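Open the model in your viewer and keep the selection tool at hand. The stops below go one at a time.

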Amino acid sequence: MATLSGTILAFDFGLKRIGVAVGNTLLRQAEPLEIISAATNDAKFVEISKLILSWQPVLCVIGLPMHPDGTAHEMTQRCQRFANQLQGRF
């Protein structure tokens, strides 16, 4: 299996805001990048598109909230839907 090398964008999806972090595979470190607070879904994806064009990530990661026992959290399905939208657009 080939190992991806380059920039990774990580998204912490929320209903009001999406936290974004940037990291790379070489250093295996990440740092906060920005918070997207756009009012509409389309506006959020415009901001995400700008980040993807600017950083050219080899991988995007979306945090998946789960309860400590491993069961789905009330936000789990919404995060999965966001991940599917992100994959479909980019």
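Contact here means heavy atoms within 4.5 Å. The model is predicted, so local features need pLDDT of at least 70 and side-chain atom pairs count only at pLDDT 80 or more, while totals for chains, interfaces and linings use all residues. Residues are numbered from 1 along each chain as its sequence is written, and side-chain values use heavy atoms, with hydrogens and water left out.

**The sheet**

Select the four strands of the open sheet, whose order is 3-2-1-4 with mixed pairing. Strands (E, at least two residues) and helices (H or I, at least four residues) are DSSP runs, numbered from the N terminus. Two strands count as paired if DSSP finds at least two bridges between them. Strand 3 (29-36) and strand 4 are the edge strands, each pairing on one side only. From one strand to the next, the twist averages 25°; axes are lines fitted to C-alpha atoms, for helices over the stretch in contact, and angles run from 0 to 180 degrees between N-to-C directions.

Strands of a sheet pair through backbone hydrogen bonds, either parallel or antiparallel. Which pairs can be seen here?

- Strand 1 (residues 7-13) and strand 4 run parallel and are joined by four bridges. Select Phe11 and look across to Ile62 in strand 4, which stands opposite.
- Strand 1 and strand 2 are antiparallel, with seven bridges. Ile8 stands opposite Gly23 in strand 2, and a hairpin of four residues joins the two strands.
- Strand 2 and strand 3 are also antiparallel, again with seven bridges. Ile18 has Ile36 in strand 3 as its bridge partner.

**The turn at Arg28**

Next select Arg28, in the loop between strand 2 and strand 3. These two strands form a hairpin with four residues between them. Phi of Arg28 is near 55°, a positive value in a residue other than glycine. Is Arg28 buried or exposed? Its relative accessible area is 76%, so Arg28 is exposed. Buried means under 20% relative accessible area, exposed over 50%, and partly exposed in between (1.4 Å probe, protein chains only).

**The helix**

Now show helix 1, which lies across strand 1, strand 2 (18-24), strand 3 and strand 4 and runs at about 145° to strand 3. In the loop between strand 3 and helix 1, select Ala38. Ala38 is buried, at 17% relative accessible area. Not counting residues up to four places away in sequence, Ala38 touches Lys16, Ala43 and Lys44. Asp69 is 31 residues from Ala38 in sequence and 33 Å away in space, C-alpha to C-alpha.

Go to Thr7 in strand 1, a buried residue with a relative accessible area of 18%. Leaving aside neighbours within four places in sequence, Thr7 is in contact with Val22, Gly23, Asn24, Trp55, Pro57, Val58 and Leu59.

Gln56 lies in the loop between helix 1 and strand 4. Gln56 is not a glycine, yet has a positive phi of about 50°, and is exposed at 51% relative accessible area.

Val58 is in the loop between helix 1 (41-55) and strand 4 (59-62) and counts as partly exposed, at 34% relative accessibility.
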